[in-house]
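Take a look at the fold below.

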Amino acid sequence: MGLYERLRAEHGPVAPIVLDGGIPAWLLLGYRENLEVSRTPSRFSRDSRHWHAWKDGGIGADSPLLPVVGWQPMCTFADGDEHERLRAALTESMGRFDRRGIRRHVTRFTHQLVNDFCAAGGAEMVTAFAEQLPMLVLTQLLGMPDEYGPRLVEATRDLMKGTETALRSDAYVTGALKGLVDRKRADPGEDLASWLLAHPSGLTEEEVVQHLRLVLLTGNETTTNLMANTLRMVLTDPRFRASLAGGQMTLPDAIEHVLWNEPPLTVVPGRWATGDTELGGQRIKAGDMLLLGLAAGNVDPAIRPDIGAPMYGNRSHLAFSGGPHECPGQDIGRAITDTAIDTLLLRLPDLRLAVEESELSWLSSWISRHLVALPVEFMPRRPEPDIVDEPAAGVLPPRPRARPTPEREPAPAPLAHVIEGPGAMASGRVPWWTALWRRLLGRPSGSAPYGRRPGAP
């Protein structure tokens, strides 16, 4: 945020920036400028084939930007009638999910995750909770086998960061989804993949794959960050938690406050100018790339002169973009976050931060800011029986859950192997969220509480 404010002070609401590979672009810092660009596709297209760097060969085939901004046959890179056709298929298919059924699944998965660490009296909540729950839910909604979970968590995050292995991660995700589509074409079910295949818009197989990829990538990254940011605020801001406990503020209200101050995606690429124009005092040329600065726009002094004023329940933020390309799955992300944190706090009402707040750290990429770790402690508890509910319409039924034993845990593979392809799957004998948590922390789940301060009760 400090960088955004320096750019705002020097350039105003629209600032010139340079992306990986020396690619020039414009970053929108103003709230009104973000809305103007997102709401006028005739001037600022979502189709990256307008990009002069693309036309002139300035983007290499190995550019880590390509998985995010390279044109693909899906609604986020289309305008007009084609956008309406693709968007209708996605929104109408997602609309078939029973929201109460999703909440029941989130509740059940939350109890299962808490059972994995509640006896230890401590855990690291980013890797043990926030990074796992969204993918658990999404793989269920898409109709994917459970064993894809751990590899998808790592590959999707790597892809979104734009690292040197982003293209390899993208190949793994795409390969896994192509396999899913092949299976669902032969044996359809009550899931998003099957509904997209059957939608009257007549999506091609490639269009189905790319829209499933869109849901998986954006849904996981945004919900993971929203969960981690909301939980951190609950644990570190006494007024925040007191308001929740006293009933003065609901958890959905609190989530909107977090979406104002810490949107899950700080920057959304991109839009491309369809002709020469002017924006925020800058001369924009045809084919220029613009990045929506969601985090910067949310704190624009022109609309928030008092940054400390509470924004509870106010949904006019930019966290999910705006205009015809506004995020279609935002309410599912809110439902997952709200239900998960509410269930977590009911299970562990004495949950508290295990380190000083000043010890928390973040990793930033060009489009998001990710909390590295959120170590917590609480009174150890016995695991509760798994919550099993009746399957709801449009949500897959509960799956069997095997309890792990140390001698049966498979050896984890390094990321380089993880992203090679969907071939070698885990045996499924150990729940993947347990194996991934142990793998990331480098210790068994029953070891001493994470980050316990000397002398802490």
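This is a predicted model: local features need pLDDT of at least 70, side-chain atom pairs count only at pLDDT 80 or more; totals for chains, interfaces and linings use all residues.

Start with the nonpolar packing. The largest nonpolar core has 82 residues. Met 125, Leu 133, Leu 142, Leu 212, Leu 351 and Leu 374 have the most contacts inside it. Helix α12, residues 205-236, gives the most to this core, with 13 residues. In soluble globular proteins, nonpolar side chains tend to be buried together.

A second core is separate and has 24 residues. Among them are Ile 23, Leu 65, Val 69 and Ile 367.

Now turn to helix α14, residues 251-261. Of its 11 residues, 8 are buried, so the helix is largely enclosed by the rest of the structure. The buried residues are Leu 251, Ala 254, Ile 255, Glu 256, His 257, Val 258, Leu 259 and Trp 260. What covers them? The cover includes α2 (31-39), α12, α13 (238-246), α15 (294-298) and α16 (330-347).

Asp 170 is found in helix α10, which spans residues 166-186. Is Asp 170 buried or exposed? Its relative accessibility is 15%, and the cut-off for buried is under 20%, so Asp 170 counts as buried. The side chain of Asp 170 makes a polar contact of 2.8 Å with the side chain of Arg 213.

How values were computed. Residues are numbered from 1 along each chain as its sequence is written. Side-chain values use heavy atoms; hydrogens and water are left out. A nonpolar core is a set of buried Ala, Val, Leu, Ile, Met, Phe, Trp, Tyr and Cys residues joined through side-chain atoms within 4.5 Å. Buried means under 20% relative accessible area, exposed over 50%, partly exposed in between (1.4 Å probe, protein chains only). Helices (H or I, at least four residues) and strands (E, at least two) are DSSP runs, numbered from the N terminus. Contact means heavy atoms within 4.5 Å. A polar contact is a pair of N or O atoms within 3.5 Å; within protein, one must be able to donate a hydrogen and the other to accept it, and residues adjacent in sequence count only if both atoms are side-chain atoms.
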